[in-house]
Amino acid sequence: MEIYYFTGTGNSLYIAKKIKENFIKCSLIPIETLLHLEKITPKSKEVGFVFPVYFGDISEFIKRIIKKFDFSNVEYIFVIPNCYSIAGATFINLRKILKAQNKNINYENILFMPDNAILFPIEKDYEKLKQVEKDIILVIEDIKKKTNKRLSTNYFQILQYYFMKLFSNWEFSPKKFIVNNSCISCGICKQVCPTKNIEIKDGKPIFNSNCIHCLACFHWCPKEAISMRNFTIKNRRKYHNS
Ligand SMILES: Cc1cc2nc3c(=O)[nH]c(=O)nc-3n(C[C@H](O)[C@H](O)[C@H](O)COP(=O)(O)O)c2cc1C
């Protein structure tokens, strides 16, 4: 089995690792490492995707990579996005991408995790992490049995997706990052950035234009020196999955 994952603050990596633990032969592949490839051909007949929901959708960055997959030898595809509560049009949009490649998702499920970004006022980190420990067992059982499952999407979720799409572009832009004087030039922000979008210039991070707003830099900064000039993030609590 191959699991392609993307993570900013570790929730998706936690899920991917939990699944891996339950299969004898399973590789975890950070999806961003495949960006440079023209075509991606999985070596296994069972393939999974684990990633965070961004603005009620699958990130454009991940979509771009999944479009390069050649699924012709793949027999079972499972997709486990995770988010705080709103999956929006994630499954609808991902199904469309696979449909264009003459494939269907065999198994869809979603896990609810601590929020690392948006409007939710109470993060409930502890409760969410406790609950996911139980929920993931069921997901693993399903995957072991190669269960087929399709989640339904209601009109309200689609509305949430359009609403979030409207505000995402102006709310999350690399221009909105601020670095204060607590920065010790450690370079951790540069190291954790999955798109290699950060350079250190004169001892301070510079944010280039390939930011996919995963917020890894913001959450992992050991000095909490990074904040955002925006409505939702500003200087909220720092989180990463242990
Ligand atoms: C830019 C951004 C947008 C997000 N949008 C949503 C969303 O639409 N719905 C939701 O429930 N959670 C949303 N989240 C929360 C993440 O999906 C959630 O915290 C996820 O578990 C983070 O995964 P990671 O730790 O692997 O990066 C968003 C997070 C970010 C950074």
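**Exercise 1. Burial and overall form**

What percentage of the 242 residues of the chain count as buried? Then decide how the radius of gyration of the chain relates to that of a compact globule.

*Solution.* 
Step 1. The structure is a predicted model. In this model, 34% of the 242 residues count as buried, where a buried residue has 20 or more other C-beta atoms within 10 Å of its own.
Step 2. For a chain of 242 residues, a compact globule would have a radius of gyration near 18 Å, and the chain has 18 Å, so the two agree.
Step 3. Along the principal axes, the C-alpha atoms fill a box of roughly 55 × 35 × 35 Å.

**Exercise 2. Elements and contacts**

State how many helices and strands the chain has, and what share of its contacts between residues at least 6 apart in sequence joins residues at least 24 apart.

*Solution.* 
Step 1. Seven helices and 10 strands are found in the chain.
Step 2. Taking contacts between residues at least 6 apart in sequence, 75% join residues at least 24 apart.

**Exercise 3. The largest nonpolar core**

Which residues of the largest nonpolar core touch the most other members?

*Solution.* 
Step 1. This core has 59 residues, and Y5, V50 and C217 touch the most other members.
Step 2. Strand β4 supplies the largest share of the core, five residues.
Step 3. Domain 1 (2-160) and domain 2 (174-228) each contribute at least three residues to this core.
Step 4. Leaving aside residues up to four places away in sequence, the contacts of Y5 are S12, L13, A16, L28, P30, I31, V50 and F51.

**Exercise 4. The shell around the ligand**

Why does the ligand lie between domain 1 and domain 2?

*Solution.* 
Step 1. There are 29 residues around the ligand, of which N11, S12, P52, C83 and A117 come nearest.
Step 2. The elements giving two or more residues to this shell are α1 (11-21) and β4 (76-83).
Step 3. By class, the shell holds 15 nonpolar, 13 polar and one charged residues.
Step 4. Because domain 1 (2-160) and domain 2 (174-228) both give residues to the shell, the ligand lies between them.

Definitions and conventions. Residues numbered from 1 in each chain as written. Predicted model: local features only at pLDDT ≥ 70, side-chain atom pairs only at ≥ 80, totals over all residues. Near = placed C-beta within 6 Å. Helix = DSSP H or I, 4+ residues; strand = E, 2+ residues; numbered from the N terminus. Nonpolar A, V, L, I, M, F, W, Y, C, P; charged D, E, K, R; others polar. Domains from an automatic or database assignment. Rg over C-alpha atoms; globule rule 2.2 N^0.38 Å. Buried ≥ 20, exposed ≤ 12 C-beta atoms within 10 Å, placed from the backbone. Contact = placed C-beta atoms within 7 Å. Core = buried A, V, L, I, M, F, W, Y, C linked by C-beta atoms within 7 Å.
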